[in-house]
Amino acid sequence: MSLAWYQKPLRIGALQCSNEPDGNMAVIDKFIGMGFNVEQLNHLMGDLVRAGGLGEAKPAALFREYLDKAHRHGVRIIVYINVHTLQPPVLDRKDWAQRDAAGEVQMNYGTHFSCCVNSGWREHFFDQLDALTRFDIDGVFLDGPCIMGRGCYCEACRALFRGRTGRELADASADELFDFNAASLDRF
């Protein structure tokens, strides 16, 4: 019985970003030359998925070219997707950000809003994920999601908790908060 590619030893290469204009194809050349058989693709995705560009002809063509070249050389592509901070083009969507009990926006790294898995961001994210199904990728790596502090108190979370319990999120016990947060992540 032959093993599937993911059951064999994986030599995974990853590059956070590429600062060379039009240098994306050179990255796969280097990974091939170094003997990697899987890439956790992030550098190219910053230009495509986070910018919402997979629906546009030029970025989609570049992505397909990259995937084709990788696969011709036996390199599998697992797409890195950030699901813990709001990314371009939705950086300023405070209505999709986690909020603490005082209503303050929660930040990751002190620079980016932490996205709420119960807000409208959820549907936006799944739309982006669905866009990837048009491409011959081998998998996805979800970096997150996470819930900050004691949990999110945004309007979406408060409404969901109220709908489930008939009570206000601010009145929840520590155990109820834990269960609500865990259920939110599980639902996502």
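User: What relative accessibility does Phe 36 have in this model?
Analyst: The model is predicted. Buried means under 20% and exposed means over 50%. Phe 36 counts as partly exposed, with a relative accessibility of 22%.

User: Which elements make up the protein, and in what order do they run from the N terminus?
Analyst: The secondary structure comes to five helices and six strands. From the N terminus on, the order is β-α-β-α-β-β-β-α-β-α-α.

User: What percentage of the residues count as buried?
Analyst: The protein has 188 residues. Those under 20% relative accessible area are buried. Their share is 38%.

User: How many disulfides are counted?
Analyst: Two cysteine sulfurs must lie within 2.5 Å to count as a disulfide. By this rule the count is zero.

User: How far is the sulfur of Cys 152 from the nearest cysteine sulfur?
Analyst: Cys 152 is in no disulfide. The nearest cysteine sulfur belongs to Cys 154. The gap between the two sulfurs is 3.6 Å.

User: Is Cys 157 buried or exposed?
Analyst: Under 20% relative accessible area counts as buried. Cys 157 has a relative accessibility of 3%. Cys 157 is therefore buried.

User: How many aromatic pairs are there, and what kind do Trp 5 and Tyr 6 form?
Analyst: The count is 10 aromatic pairs. The rings of Trp 5 and Tyr 6 lie 5.6 Å apart, centre to centre, with 85° between the planes. Planes over 60 degrees apart make a pair edge-to-face. The Trp 5 and Tyr 6 pair is edge-to-face.

User: What kind of pair do Phe 31 and Phe 36 form?
Analyst: Their ring centres are 5.1 Å apart. The planes meet at 75°. The pair is therefore edge-to-face.

User: Which residues do ring pairs link into a cluster?
Analyst: Ring pairs join several residues into one cluster. Its members are Trp 121, Phe 125, Phe 126 and Phe 188.

User: Which ring lies under the charged end of Arg 93?
Analyst: The charged end of Arg 93 is 3.9 Å from the centre of a ring and sits over it. That ring belongs to Trp 96.

User: Which element gives the most to the largest nonpolar core?
Analyst: This core has 28 residues, and those with the most contacts inside it include Phe 63, Tyr 66 and Ile 77. Helix H1 (24-33), helix H2 (57-72), S3 and helix H3 (121-132) each supply at least two of its residues. One of them gives five, the most of any, and that is H2.

How values were computed. Residues numbered from 1 in each chain as written. Predicted model: local features only at pLDDT ≥ 70, side-chain atom pairs only at ≥ 80, totals over all residues. Heavy atoms only, no water. Buried < 20%, exposed > 50% of the residue type's maximum accessible area, 1.4 Å probe, protein only. Phe/Tyr/Trp six-rings, centres within 6.5 Å; stacked < 30°, edge-to-face > 60°. Lys NZ or Arg CZ within 6 Å of the ring centre and 35° of its normal. Core = buried A, V, L, I, M, F, W, Y, C linked by side-chain atoms within 4.5 Å. Helix = DSSP H or I, 4+ residues; strand = E, 2+ residues; numbered from the N terminus.
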